[in-house]
Amino acid sequence: MKERTLVQPCSFEGKGLHTGKVARMTISPAAEGSGIRFLRSDLGPDAFVDALAVNVSNTARSTTLTQNGVNVITVEHILSALTGLGIDNALISLDNEEIPILDGSAKPYCEAIVKGGIATQNAERKYIELSREIVYEDAVKGIKVTVTPTEKEPSYAIHVDFGSQVVGIQDASWTPSLDYAKEIAPCRTFVFFHEIEYLYKNNLIKGGDIDNAIVIVEHPVPRERVEALCQGLSIPVPAYTGVGYLDNMALRFENECARHKMLDLLGDLRLCGGFLKAEVKAVKTGHFVNSQVARMILENKK
Ligand SMILES: [Zn+2]
């Protein structure tokens with residue numbers, strides 16, 4: 001397998017989910033062996049942030065990278081898109097601190113990159129190979145991630161259980177021979193209504209209008225509370241506001257939540273610096289655990 005990059009730059013503009021700040025982002029082709037780097041163009045020509053787990057500085061609700069005091073917030077969806085599309089090298093320049101969330105999935109990124117074209121480079125891809133199996137376990141929380149070296153095609157499996165009667169227990173899997181753009185990229189981020197209410201009251205969800213997240217109502221809430229929140233966020237009140245998925249949008253897959261967790265996992269694990277030659281099994285994982293695992297991979301690669 002040869003390394004790959006984009007044929008031409010593609011640009012996006014939009015709000016960050018957590019900061020609400022509008023950023024213009026351009027993903028450009030990059031040289032063989034350069035990997036994925038971010039550039040905060042608003043801070044100067046050298047404000048680079050390498051997409052590596054050693055730079056993870058925050059994992060509360062999304063993954064933030066910091067290098068030499070330069071931040072890039074919510075990196076996981078664009079890193080997932082580049083990984084799913086098999087892109088080795090890219091420069092992601094950004095004129096603010098948070099990646100545009102767009103529709104909460106990786107679909108807009110994928111569509112633009114595929115439309116612009118993917119170029120095969122001359123260098124042979126060097127996969128990240130492990131010297132041993134990696135296991136991250138938190139028995140109290142029921143979290144477990146294993147990364148096992150394989151000579152076969154890399155594979156990923158994820159199991160989610162939020163103790164939610166709406167979401168239920170879900171599984172998702174992916175291998176590079178499956179069509180990422182079709183199977184994983186369209187799956188949007190999701191949030192529980194009681195969490196949005198909390199985030200909104202604590203001023204933590206400035207950019208998050210409900211257009212870019214699936215909203216799950218786990219516990220019955222009076223309609224007035226939904227109306228008050230929607231008014232606060234300047235969005236239309238959904239017709240159905242009972243227990244279940246708020247009917248502001250139809251689910252794209254019955255297990256869209258698990259598939260989105262797969263999207264996040266692929267993005268966060270890309271912080272190991274390349275394409276893994278391993279079998280990954282993840283149970284109840286999230287950004288903190290994913291980035292810890294990516295760090296363990298960096299420390300144990302051959
Ligand atoms: Zn996500």
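## Helix 1 and helix 6

Helix 1 and helix 6 are roughly perpendicular to each other (a label for angles of 65 to 115 degrees), because their axes cross at roughly 85°. Those axes come within 7 Å, with helix 6 spanning residues 256-269. Axes here are lines fitted to C-alpha atoms over the stretch in contact, and angles run from 0 to 180 degrees between N-to-C directions. Helices are DSSP runs (H or I, at least four residues) numbered from the N terminus.

On the helix 1 side, the contact (C-beta atoms, placed from the backbone, within 7 Å) is made by Glu-76, His-77, Leu-79, Ser-80, Thr-83 and Gly-84. Helix 6 brings Leu-263, Asp-264, Leu-266, Gly-267 and Asp-268. These residues divide into three nonpolar, five polar and three charged. Ala, Val, Leu, Ile, Met, Phe, Trp, Tyr, Cys and Pro count as nonpolar, Asp, Glu, Lys and Arg as charged, and the others, Gly among them, as polar.

## About the model

This is a predicted model: local features need pLDDT of at least 70, side-chain atom pairs count only at pLDDT 80 or more, and totals for chains, interfaces and linings use all residues. Residues are numbered from 1 along each chain as its sequence is written.

## Helix 1 and helix 2

Now for the other partner. Helix 1 (residues 76-84) and helix 2 (residues 107-116) have axes that come within 9 Å and cross at roughly 40°. The two are therefore oblique to each other. His-77, Ile-78 and Ala-81 of helix 1 meet Tyr-109, Cys-110 and Ile-113 of helix 2.

## Domains

An automatic or database domain assignment gives domain 1 (2-125) and domain 2 (190-245). Their C-alpha centres lie 29 Å apart.

Methods
Angles under 35 degrees count as roughly parallel, over 145 as roughly antiparallel, 65 to 115 as roughly perpendicular and the rest as oblique. Two residues are in contact if their C-beta atoms, placed from the backbone, lie within 7 Å.
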